[in-house]
Amino acid sequence: MNIRNLLTCLLFGTFFLSNSVFSQDMNSFLVKQLEYAHSNENWFAPVNVATKGLNAEQANWHDGTGNHSIAQLVSHLVFWNDRLLQAIQGKTVPNFNDDNKVTFSEISEEDWGKMTMKLDQILTDIEKETEKLEGEPLEGWSETLANISAHNAYHTGQIVYIRKQKGWWR
């Protein structure tokens with residue numbers, strides 16, 4: 001809802017949001033948030049920027065304290081974002097009853113490039129699926145989409161921190 005619509009509603013003593021206005025504004029907002037966490041640098045570095053230019057050896061570096069490597073963070077993002085994408089597309093997503101620790105796996109030299117491309121494609125597809133949502137489906141997915149965007153940004157911040165710690169950041 002833009003400011004003009006909000007003021008109009010307040011002036012007339014009503015606060016009525018039609019589904020089409022809500023859907024259009026919420027849809028646009030969610031897509032922007034997903035893009036900011038994925039590929040559109042704004043207030044913080046998106047995951048595509050944070051992983052760009054790293055090789056597998058760098059991505060698998062550990063600080064020795066039990067913290068996750070960049071590769072483990074990327075594998076975790078691929079795991080959860082892929083599950084979300086499948087669910088939004090209406091596919092059956094198997095129950096996950098395992099420990100979340102299993103989603104943080106090392107990535108081999110030959111798979112590192114493939115994994116970052118896979119993450120990029122999954123995030124692009126989530127954005128495209130989100131653009132299509134409207135009405136009740138959008139309302140149903142909006143909280144999850146907002147949360148996955150924050151989740152992705154959080155782990156991207158960890159990736160940037162590791163890169164800064166090692167002198168691998170711009």
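Author: One term is needed at the outset: a crossing is left-handed if the near helix is turned anticlockwise from the far one by less than a right angle, and right-handed if clockwise. Please note also that this is a predicted model.

Reader: Thank you. Which hand does the crossing of helix 5 and helix 7 have?

Author: The crossing of these two, helix 5 and helix 7, is left-handed.

Reader: At what angle do the axes of helix 5 and helix 7 cross?

Author: They cross at roughly 165°, and the axes come within 10 Å. Angles over 145 degrees count as roughly antiparallel, so helix 5 is roughly antiparallel to helix 7.

Reader: Which residues of helix 5 and helix 7 meet?

Author: From helix 5, the residues include I70, V74, W80 and L84. Among those they meet in helix 7 are W141, L145, H151, I159 and R163. By type, the residues of the contact of helix 5 with helix 7 comprise 13 nonpolar, seven polar and one charged.

Reader: And helix 6: how do the axes of helix 5 and helix 6 cross?

Author: Their axes cross at roughly 35° and come within 9 Å. The crossing of helix 5 and helix 6 is left-handed. Helix 5 contributes residues including A71, V74, S75 and V78 to the contact, and helix 6 contributes W112, M115 and L119 among others. Here the residues divide into 14 nonpolar, two polar and four charged.

Reader: You mention S75. Is S75 buried or exposed?

Author: S75, whose place is in helix 5, has a relative accessible area of 5%. Buried means under 20%, so S75 is buried.

Reader: What does S75 touch, not counting residues up to four places away in sequence?

Author: On that basis, S75 touches T103, F104, S105, I107 and M115.

Reader: Turning to the largest nonpolar core, which residues touch the most other members?

Author: That core has 34 residues, and those that touch the most other members are I70, V74, W112, L119, I126, L145 and I159. Elements giving two or more residues to this core include helix 2 (19-38), helix 5 (70-88), helix 6 (109-132) and helix 7 (135-166).

Reader: Where does the largest share of this core come from?

Author: Helix 5 supplies the largest share, nine residues.

Reader: Finally, what is I70 in contact with, leaving aside its neighbours within four places in sequence?

Author: The contacts of I70 are then L54, A59, W112, I159, I162 and R163.

Conventions:
Residues numbered from 1 in each chain as written. Predicted model: local features only at pLDDT ≥ 70, side-chain atom pairs only at ≥ 80, totals over all residues. Heavy atoms only, no water. Core = buried A, V, L, I, M, F, W, Y, C linked by side-chain atoms within 4.5 Å. Buried < 20%, exposed > 50% of the residue type's maximum accessible area, 1.4 Å probe, protein only. Helix = DSSP H or I, 4+ residues; strand = E, 2+ residues; numbered from the N terminus. Contact = heavy atoms within 4.5 Å. Axes fitted to C-alpha atoms, helices over the stretch in contact; angles between N-to-C directions. Parallel < 35°, antiparallel > 145°, perpendicular 65-115°, else oblique. Nonpolar A, V, L, I, M, F, W, Y, C, P; charged D, E, K, R; others polar.
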